[in-house]
Every structure is written in C-alpha cells, then in structure tokens.
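Subject: Structure handover

Hi,

Here is the structure you asked for. My notes follow below it.

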Amino acid sequence: TVGGRGLPTVGAAPTAAAGPFGTPGTAWDRVRTDLAALRRRGPSGDVALAADTIDRLIRSALGVAPDAAYGRLTLRPAFPAHWVAFEASGLALADARVGFRWERAGSLHRFTLRQTAGGAPITWILEPWLAGSGLKVARVDGDPAELDAIPDDGGVRPRIQLPAERERTVELEVTPP
C-alpha cells in the first residue's frame with residue numbers, strides 16, 4: 001500500500017468495492033437509454049445529457065479509471081456480446097494521451113494498448129470482463145502469459161498490469177460458457 005491505497009498487481013484478489021463499473025449490462029443499458037433520448041431530441045438536445053452520456057460511456061461502460069497520481073490507467077471493459085470491435089483514442093492521463101483497440105473473433109479477444117503522447121510511460125491495468133467459464137490462452141506481445149481469471153458475474157475477468165513504453169498487445173482466449 002502507498003498512502004493508504006492498495007496498488008493492483010497481476011493476479012491479485014479483486015478489491016471489495018467494484019467502483020462505478022457495475023455489472024457488464026447495467027452501464028450499457030443506461031448509455032443506450034440516454035442515446036435514444038438524445039436522438040429523439042435532435043441536434044438541439046440537452047448538452048448536459050450528451051456530456052453525461054459520454055462520461056458514463058467512458059467511465060462506466062468501458063471501465064476507464066485514470067489514476068494520474070500513480071501514472072496508471074485502468075480499463076475494465078465489458079462489451080456487449082454482439083460487438084466484435086471497439087476503438088478509443090485521445091484519452092488523457094496527465095500529459096499522456098492513450099488509446100486502445102479491442103477485437104473479438106469467436107472466443108479470442110485481442111487488446112492493443114498504445115500511448116501516443118506524454119513524457120513518461122503510463123502503466124496499463126487491464127481487467128476486461130469476458131463471457132466464458134475460464135481463460136484458455138493468454139499472450140502478451142505474442143509470448144505466453146500466466147494470468148489469473150477471476151469469476152465475475154457469469155464471465156471471467158483476467159487481470160494484467162503492463163508498462164506502456166511501447167504498443168502492447170494482449171490476446172485472451174476464453175473457454176465458452
């Protein structure tokens with residue numbers, strides 16, 4: 001612990017508080033409802049609702065949690081089952097700018113993490129929720145990796161911590177539910 005705060009490590013037990021992320025479906029349902037409301041109101045719709053919806057998407061549904069004091073960015077995404085790819089870029093953490101891409105082909109999930117600006121490399125903490133009963137294969141930058149996959153609300157949540165001194169690729173294959 002540093003300053004009374006625990007530092008997450010690969011394979012560590014999850015903290016008691018899940019934070020703002022909630023369950024995989026909850027945040028997406030709220031974002032979908034808000035986007036539908038914005039569509040009904042048209043381009044002159046509620047700017048505050050639009051900003052709140054984007055914030056909810058980034059923080060809750062994608063599970064983005066910045067920790068600038070420690071130079072860490074946590075990603076805890078839980079993508080809808082029918083999605084096969086997602087990309088975000090220009091996320092800010094102090095002077096750093098980062099982006100990530102997720103792709104799914106069957107039970108194989110590929111995350112590409114990159115830092116595009118900033119003085120010092122940040123630390124990625126990746127904890128994706130994946131529909132499956134276990135983790136079959138894990139690779140980091142093409143090399144086999146041993147990761148704990150913690151059961152989480154009908155899926156698994158592998159945990160990995162990586163420095164962002166270069167683009168990183170994490171491939172995770174799950175055992176179907």
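Arg168 is buried, with a relative accessible area of 6%. Buried here means under 20% relative accessible area, exposed means over 50%, and partly exposed lies in between (1.4 Å probe, protein chains only). The side chain of Arg168 meets that of Glu165 in a salt bridge, 3.6 Å from N to O. A salt bridge is a side-chain nitrogen of Lys or Arg within 4 Å of a carboxyl oxygen of Asp or Glu.

Some ground rules. This is a predicted model, in which local features need pLDDT of at least 70, side-chain atom pairs count only at pLDDT 80 or more, and totals for chains, interfaces and linings use all residues. Residues are numbered from 1 along each chain as its sequence is written, and side-chain values use heavy atoms, with hydrogens and water left out.

**Salt bridges**

The count comes to 14 salt bridges. Glu165 also forms one with Arg166, where the closest N and O atoms are 2.7 Å apart. Arg166 is partly exposed at 43% relative accessible area. Glu165 is partly exposed too, at 46%.

Arg72 and Asp67 make another salt bridge, at 2.6 Å from N to O. Arg72 is buried, with a relative accessible area of 10%. Asp67 is buried as well, at 11%. Arg72 is found in strand β2. Strands are DSSP runs of E with at least two residues, and helices are runs of H or I with at least four; both are numbered from the N terminus.

There is also a network of salt bridges, and it links Glu87, Arg101, Glu103 and Arg114.

**The sheet**

What is the strand order in the open sheet of six strands? The order is β3-β4-β5-β12-β7-β8, with antiparallel pairing. β3 (85-93) and β8 stand at the edges with a single partner strand each, so one side of each has no neighbour in the sheet. Two strands pair if DSSP finds at least two bridges between them.

Now the individual pairs:

- β4 and β5 run antiparallel and are joined by nine bridges. Arg101 stands opposite Thr112 in β5.
- The hairpin of β4 and β5 has two residues between the strands. Gly106 takes a positive phi near 65° there.
- β5 and β12 run antiparallel, with six bridges joining them. Thr112 has Thr169 in β12 as its bridge partner.
- β7 and β8 pair in the antiparallel sense over two bridges. Arg139 stands opposite Pro144 in β8.

**Phe111**

Is Phe111 buried or exposed? At 1% relative accessibility, Phe111 counts as buried. Phe111 is found in strand β5, residues 108-117. Phe111 and Thr169 are 58 residues apart in sequence, yet 5.6 Å apart in space, C-alpha to C-alpha. Leaving aside neighbours within four places in sequence, Phe111 is in contact with residues including Pro77, Phe79, Trp102, Leu126, Arg168 and Thr169. Contact means heavy atoms within 4.5 Å.

**The nonpolar core**

In soluble globular proteins, nonpolar side chains tend to be buried together. The largest nonpolar core here has 29 residues. Such a core is a set of buried Ala, Val, Leu, Ile, Met, Phe, Trp, Tyr and Cys residues joined through side-chain atoms within 4.5 Å. Which members touch the most other members? Phe100, Ile122 and Trp124 do. Strands that each supply at least two residues of this core include β2 (72-75), β4 (96-105), β6 (123-126), β11 (160-163) and β12 (168-175).

Setting aside neighbours within four places in sequence, Phe100 is in contact with residues including Leu75, Phe79, Phe86, Leu91 and Leu113. Glu87 and Arg114 are also among the contacts of Phe100.

**Turns and loops**

β9 and β10 pair in the antiparallel sense over four bridges. Pro158 in β10 is the bridge partner of Ala149. The two strands form a hairpin with two residues between them, and Asp153 in the turn has a positive phi of about 50°. In β10, Gly155 and Arg157 point one way and Val156 and Pro158 the other, and all are buried.

Asp141 also has a positive phi, about 55°, although it is not a glycine. Asp141 lies in the loop between β7 (134-140) and β8 (143-144). Asp141 is partly exposed, with a relative accessible area of 27%.

Best wishes
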